[in-house]
Every structure is written in C-alpha cells, then in structure tokens.
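Here is a short report for a reader who is new to this structure. Look at the model first, then read on.

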Amino acid sequence: MRGSMFKTLTLAAALALAPVGVQRAAAYCLFGGCDVTEAQAKAVFENMVKKRFDKPAQLVEFKTRMTEKLEMHATGEKGFEYFFDATVKFPEGANLECKPEGDKFPEGCSASKHYVTSPLGSDPKGKQYVEPGQTVVFDEEYRFYEAGKGWKGPDGNIYNPD
C-alpha cells in the first residue's frame with residue numbers, strides 16, 4: 001500500500017512539474033518511454049548495410065545485447081547507445097571488386113574480416129569483400145543523439161517514439 005501511494009505521489013509531482021502544453025508522446029518520454037526500440041535499431045542497421053555493401057543482403061538474426069542512455073557532460077547533449085549482434089547472409093556476395101588476388105587487396109578495399117556498418121576510428125577503412133553465399137556476423141554499437149522528441153540514428157534519419 002505504501003509503495004503504491006509513493007508511486008502515485010511521484011506521478012502527481014512529475015505531472016505538476018511538466019509544462020501545461022506537453023503532448024502525449026512528450027509526457028510519455030518523461031517516464032522513460034522514449035528509448036530507441038529494437039525495431040528502430042534494426043531499421044538503422046538495414047539502412048547501413050545497404051550503404052556499406054553493394055549487393056542485396058538478408059538479415060538472418062538481430063539480437064540486442066545492451067542499451068544505455070548517455071549524457072555528454074561537456075555539452076549536455078543526450079544520447080542513447082544500442083549494442084547488438086546481427087547475422088546477415090549475402091547470397092550474391094558484396095563489393096566483389098574488392099576480391100583479393102592472393103594476399104593483395106585492390107586499392108580502397110580493406111583486408112579486415114571485422115565487418116562493420118558504422119566504422120569508428122580503429123575499424124576497417126574502405127570497402128570489404130564478401131564472398132557470394134557468405135554469412136557475416138556483425139558485433140556493433142550504434143550511438144543515437146537526441147533530436148527533438150526522437151533520436152537521430154547513425155544513418156541520418158530521425159526515429160520518433162512509437
């Protein structure tokens with residue numbers, strides 16, 4: 001009974017402090033409901049695969065490992081990190097012009113077998129060759145940034161609360 005009363009008082013206090021013109025989605029966000037969803041992270045991943053690899057790909061599995069809200073202390077900017085694993089099959093392969101001859105890769109191509117869709121400083125630079133029929137496992141982390149009432153993904157799109 002006491003815990004229920006505390007929750008009711010907390011809710012009442014939060015609503016009293018909220019601006020009068022708060023819309024439903026924004027009010028929902030006050031209570032932690034505006035996280036990036038798995039469907040949104042998956043959509044970003046599929047967009048990024050299309051940008052990074054030049055042939056059609058089939059998403060076999062997408063598994064969330066962890067999510068975390070962030071606040072950049074220097075700027076106050078809010079962010080959201082999404083950690084996941086994804087398994088993708090490339091029936092036709094990808095970036096076939098990067099096929100190595102022996103150990104030598106064409107210019108602009110990476111020899112790395114660490115596949116990513118959103119390269120960071122230490123991740124492979126350049127296109128990555130994928131053999132036809134190969135299945136690739138991605139171990140990724142995306143950072144989303146607050147954009148109005150939604151989140152801007154690494155694909156440049158804004159994703160709003162559902």
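Where is the place of valine 49? Valine 49 sits in helix α3. Helices here are DSSP runs of H or I with at least four residues, strands are runs of E with at least two, and both are numbered from the N terminus.

This is a predicted model, in which local features need pLDDT of at least 70 and side-chain atom pairs count only at pLDDT 80 or more, while totals for chains, interfaces and linings use all residues. Residues are numbered from 1 along each chain as its sequence is written, and side-chain values use heavy atoms, with hydrogens and water left out.

## Overall layout

The protein has three helices and seven strands. Along the sequence, the pattern reads α-α-α-β-β-β-β-β-β-β. The protein has 162 residues, and 30% of them are buried. Buried means under 20% relative accessible area, exposed means over 50%, and partly exposed lies in between (1.4 Å probe, protein chains only).

A contact means heavy atoms within 4.5 Å. Among contacts between residues at least 6 apart in sequence, 63% join residues at least 24 apart.

## Helix α3

Helix α3 covers residues 38-52, which is 15 residues. From first C-alpha to last it reaches 21 Å, close to the 21 Å expected at 1.5 Å a residue. The expected span is 1.5 Å times one less than the number of residues.

Several residues of α3 are buried, including Gln40, Ala41, Val44 and Phe45. Met48, Val49 and Arg52 are buried too. The buried residues of α3 pack against β1 (58-71), β2 (78-90), β4 (127-128), β5 (134-147) and β7 (158-159).

Back to valine 49. Valine 49 has a relative accessible area of 7%, so it counts as buried. Leaving aside neighbours within four places in sequence, valine 49 is in contact with Ala57, Phe90 and Thr117. Valine 49 and threonine 117 are 68 residues apart in sequence, yet 5.8 Å apart in space, C-alpha to C-alpha.

Serine 118 is found in the loop between β3 (109-110) and β4. Is serine 118 buried or exposed? Serine 118 counts as buried because its relative accessibility is 17%. Apart from neighbours within four places in sequence, serine 118 is in contact with Met48, Asp123, Glu140, Tyr142 and Pro154.

## Strands

Ten of the 13 residues of β2 are buried, so this strand is largely enclosed by the rest of the structure. β2 pairs in the antiparallel sense with β1 over twelve bridges. β2 also pairs in the antiparallel sense with β5 over twelve bridges. Two strands pair if DSSP finds at least two bridges between them.

Threonine 64 stands opposite phenylalanine 84 in β2. Tyrosine 82 stands opposite tyrosine 142 in β5. β1 and β2 form a hairpin with six residues between them. In the turn, glycine 76 has a positive phi of about 80°.

## Aromatic pairs

Rings of Phe, Tyr and Trp (its six-membered ring) pair if their centres lie within 6.5 Å; planes under 30 degrees apart count as stacked, over 60 as edge-to-face and the rest as tilted. The count comes to ten aromatic pairs. Two of them are set out here.

| Pair | Centre to centre | Angle between planes | Kind |
|---|---|---|---|
| Phenylalanine 45 and phenylalanine 138 | 5.2 Å | 75° | edge-to-face |
| Phenylalanine 80 and tryptophan 151 | 5.7 Å | 50° | tilted |

Phenylalanine 45 in α3 and phenylalanine 138 in β5 are 93 residues apart. Both phenylalanine 45 and phenylalanine 138 are buried. Phenylalanine 80 in β2 and tryptophan 151 in β6 (residues 150-152) are 71 residues apart. Phenylalanine 80 is buried at 1% relative accessible area, and tryptophan 151 is buried at 10%. One aromatic cluster includes Phe45, Tyr82, Phe84, Phe138 and Tyr142.

## The disulfide

A disulfide is counted when two cysteine sulfur atoms lie within 2.5 Å. The count comes to one disulfide. Cysteine 98 and cysteine 109 form it, with sulfur atoms 2.0 Å apart. Cysteine 98 lies in the loop between β2 and β3 and cysteine 109 in strand β3, so the pair ties together parts that are eleven residues apart in sequence. Both cysteine 98 and cysteine 109 are buried.
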